[in-house]
Amino acid sequence: MSAQKVQLFVCLIICAALAACGTPGTNPVALTQKDAGTTVHVKQGSIVNIQLEGNPSTGYTWEVAPGGGGVLEQQGEPTFKADSTVLGSGGMVTLQFKAAQAGTSNLKLIYHRPFEPNVAPLHTFQVTIVAE
């Protein structure tokens, strides 16, 4: 076997090993309504996706309650995927957060109409995130 082939073979083995390793514990964590009230442990730097039922056509939206972020940083705006193509149909709202630093965060989300400030939220979702 030529020296070039040996170098190429070694390089391929090293690249495959590095690709298999990845960053341990930083795979996205998916949470839904069934996770409400639980404590979830994640690695610092992990992405936390929270999927909740919603219907933006009604004026309602999911938002972080005041003072409810802590060690988490919201990544972009919530996204919506409708259950059907029917105009005004409900679906799933996804909010994405990054565990930006180590610590504990009591994340509370509220489903409300932001233009109705003195009305209680229609739904809430709360979870404790421990970033290590």
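## An enclosed cavity

One cavity of 30 Å³ or more turns up in this predicted model. Here a cavity is a set of points, on a 1 Å grid over the protein atoms alone, where a 1.4 Å probe fits but cannot get out. Grid points are joined across faces, edges and corners, and a volume is the space filled by probe spheres set on the points. The largest cavity has a volume of about 30 Å³.

Who lines the largest cavity? Its lining, meaning residues with an atom within 4 Å of a point, consists of Tyr60, His112, Arg113, Glu116, Val119 and Ala120. By type, that lining splits into three nonpolar, one polar and two charged residues. In this scheme Ala, Val, Leu, Ile, Met, Phe, Trp, Tyr, Cys and Pro are nonpolar, Asp, Glu, Lys and Arg are charged, and the others, Gly among them, are polar.

## A salt bridge

Two of the cavity-lining residues, Arg113 and Glu116, are also partners in a salt bridge, with their closest N and O atoms 3.6 Å apart. The rule asks for a side-chain nitrogen of Lys or Arg within 4 Å of a carboxyl oxygen of Asp or Glu, and the count by this rule is one.

Both partners are partly exposed: Glu116 has a relative accessible area of 27%, and Arg113 has 24%. On this scale, buried means under 20% relative accessible area and exposed over 50%, with partly exposed in between (1.4 Å probe, protein chains only).

## The largest pocket

Now for an open site. A pocket is an open set of grid points with protein on both sides within 12 Å along at least five of seven lines. The largest pocket has a volume of about 170 Å³, and 13 residues line it, with Leu52, Glu53, Gly54, Trp62 and His123 nearest its centre. Strand 3 (47-54), strand 7 (91-99) and strand 9 (123-131) each give two or more residues to this lining.

Strand 3 gives the most, with four residues.

## Core and fold

The protein chain has one helix and nine strands, in the order α-β-β-β-β-β-β-β-β-β. These are DSSP runs numbered from the N terminus: helices (H or I) of at least four residues and strands (E) of at least two. Of the 132 residues in the chain, 28% are buried. Among contacts (heavy atoms within 4.5 Å) between residues at least 6 apart in sequence, 64% join residues at least 24 apart.

In soluble globular proteins, nonpolar side chains tend to be buried together.

## Thr39 and reading notes

Thr39 sits in strand 2 and is partly exposed, with a relative accessible area of 48%. Beyond its neighbours within four places in sequence, Thr39 contacts Thr128 and Val130.

Residues are numbered from 1 along each chain as its sequence is written, and side-chain values use heavy atoms, with hydrogens and water left out. As this is a predicted model, local features need pLDDT of at least 70 and side-chain atom pairs count only at pLDDT 80 or more, while totals for chains, interfaces and linings use all residues.
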